[in-house]
Structure formats: C-alpha cells, structure tokens
Amino acid sequence: MKFHNNIVLIGMPGSGKTSLGAIIAERLELDFYDIDQYIQKKENKTISELFLLGESHFRQIESNAVREVSSKKPIVIATGGGVVTRPENIAVLQQKGTIFYIDRPIEMIIETIDVAARPLLADNVKRIYSLYEQRKHLYEGHCHYRITNGLSLHSAADQILKVIIKSQDSEQLGISDKFF
C-alpha cells in the first residue's frame, strides 16, 4: 500500500484526536505521532511544565515539533488543541497532509477530560467554552473534512476512513475499502 499524504487530526483538547489517531494508524498500518507526546519525550518535560515557561515558549516548541513530525510522511498525526493558533503550523500540516477536524460536543469533553493534564484548563474547566469560541473558526477554516466524534471512537474512525477512501486523494493514497 502506498500513501503520499499524512492524515492530520485537529480539534479541541479532549476531542479524541489521540485515540482516533491510534485506531486509524493501526487500521492503515501507518506510524502514529501524537505531537504532545512527541514534545514531552523530546523535551523530557510534561506539557504543563513547558507551559510554566509561557504559552508562547510552548507554541514555539510545538511549531518545531509540527515541522519535524510532518516531514516523516506518510503518517497519522494527532495535534495539540492549540496548533491552529499559529498559521505556520497549518501551512506545514496542509502542505503535507489531509486535515480532519474532530468535532466533539463540549459537554462530552467536560465529562471525560483530565483537567490536570490540560494547562489551559487546569484552573477553570469552563474555560473550554471560551477556547472553543476562539478556535472553532480556525478548526473549521483549516480542515479538509469535519468529523463528529459523538457516538464512539470506532464510529468516528470509520467516518474518517470512509472519507479517505471516497476522497479524491484515495487513488493517490492507494487506499482500498479492505479496512472495513
């Protein structure tokens, strides 16, 4: 099987990007990279520790990680929720991949999110509403496809795989319907 593009997942913290990315990578037999996990391993610090040095500092590290990981194509990439706040990240991700916006209802995110692991939400989980309002147009404006993650992870993964198969890229990506 020959792939030419990365599969990139963007969306709010807690939308399911990491879990979906792992499922999709396994089904397509591709390597999977979670940008936050990549950063933590490379920097030998947690995301929360890096945020203590300032969000701007973290975003620069994140931009470097996006460039490094994107060059490994073809792979599946789960981004951090704020990756869309820097235009250079989107440019790299769009150039080397097909971007899926994972849209999960905020109420479902609040029910399942580990606030302690989310620096921007640690002091106030309700801040997720303002983050959503700030970022929603960026997610929608920079994705190739929007996928709702409201039922189950496998249902959302199936939606993504169906889009890939039916997209104009499917012939170029060399994907068949054998994954269902």
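Start by selecting Phe-100: its relative accessibility is 0%, so Phe-100 counts as buried (buried is under 20% relative accessible area, exposed over 50%, partly exposed in between, with a 1.4 Å probe and protein chains only). Bear in mind that this is a predicted model, where local features need pLDDT of at least 70, side-chain atom pairs count only at pLDDT 80 or more, and totals for chains, interfaces and linings use all residues. Residues are numbered from 1 along each chain as its sequence is written, and side-chain values use heavy atoms, with hydrogens and water left out.

Now for the rings. Searching the whole structure turns up four aromatic pairs (ring centres of Phe, Tyr and Trp, the last by its six-membered ring, lie within 6.5 Å; planes under 30 degrees apart are stacked, over 60 edge-to-face, the rest tilted). Phe-100 sits in strand β4 (residues 97-103) and Tyr-145 in strand β5 (residues 145-148), so the pair ties together parts 45 residues apart in sequence (strands are DSSP runs of E, at least two residues; helices are H or I, at least four; both are numbered from the N terminus). Tyr-145 itself is partly exposed, at 28%.

Next, pick Tyr-33 and Tyr-38, an edge-to-face pair at 6.3 Å centre to centre and 70 degrees between the planes. Tyr-33 is partly exposed, at 21% relative accessibility.

Last stop: Thr-18, in helix α1 (residues 17-28). An unreviewed UniProt entry puts a "binding site" feature at Thr-18 (positions follow the numbering used here, feature names are shortened, and annotations may be inferred rather than shown by experiment). Thr-18 is partly exposed, at 32%. Leaving aside residues up to four places away in sequence, Thr-18 touches Phe-32, Asp-34, Gln-37 and Ala-78 (contact is heavy atoms within 4.5 Å).
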